[in-house]
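Dear colleague,

Here is the structure that I would like to hand over to you. Please have it open while you read the notes below.

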Amino acid sequence: MRKYSEEQLQSWARHVRQARLSKLSQKYPFLLVGLPFLIAVVGGSLVLLPSQETKYEVRDKHIQSMPIEKMKANKRKFDIQEEYFRMQTRGDWSAEWEPKRVERPPEDEPVFDRQGPR
């Protein structure tokens, strides 16, 4: 009977485990791909849940500590024209920019202005 060295036996055992794992992964791909993914998603949500709760609790305490009159005083009315001029002076828009209509194919033109079927 032939004697095998310890390294040969470990190598053989490693190959056997890899072969079994390969066979299992081909037969049940969910075990190697789907299950770890689901565990990561559920585990991540459970880990992040306390930090999200803390974030919202702090925000709620801050809002509850402010009087309603102060919140209403800080709120400014929205005016579209004022916003337009403010964006222009801030430099959000380039000086060369002009609104242009994109040309549409004739079949995409609005149908409500046609005088019946053509």
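**Notes on the model**

Phe85 counts as partly exposed because its relative accessible area is 42%, where partly exposed lies between buried, under 20% relative accessible area, and exposed, over 50% (1.4 Å probe, protein chains only). Please bear in mind that this is a predicted model, in which local features need pLDDT of at least 70 and side-chain atom pairs count only at pLDDT 80 or more, while totals for chains, interfaces and linings use all residues. Residues are numbered from 1 along each chain as its sequence is written, and side-chain values use heavy atoms, with hydrogens and water left out.

Rings of Phe, Tyr and Trp (its six-membered ring) are paired if their centres lie within 6.5 Å, and planes under 30 degrees apart are called stacked, over 60 edge-to-face and the rest tilted; by this rule there is one aromatic pair. The ring centres of Tyr84 and Phe85 are 5.4 Å apart and their planes stand at 65°, so the pair is edge-to-face. Tyr84 is partly exposed, at 38% relative accessibility.

Glu83, by contrast, counts as buried because its relative accessibility is 13%, and this residue sits in helix α4 (residues 80-90). Leaving aside residues up to four places away in sequence, Glu83 touches Arg76 and Phe78, a contact being heavy atoms within 4.5 Å.

As for the chain as a whole, it has four helices and zero strands, where helices (H or I, at least four residues) and strands (E, at least two) are DSSP runs numbered from the N terminus. Buried residues make up 2% of its 118 residues.

Helix α2 (residues 29-65) has 37 residues and reaches 54 Å from its first C-alpha to its last, close to the 54 Å expected at 1.5 Å a residue, the expected span being 1.5 Å times one less than the number of residues. At Leu49, α2 bends by about 35°, and a proline, Pro50, follows within four residues; the bend is the angle between axes fitted to the seven residues ending there and the seven starting there.

With kind regards
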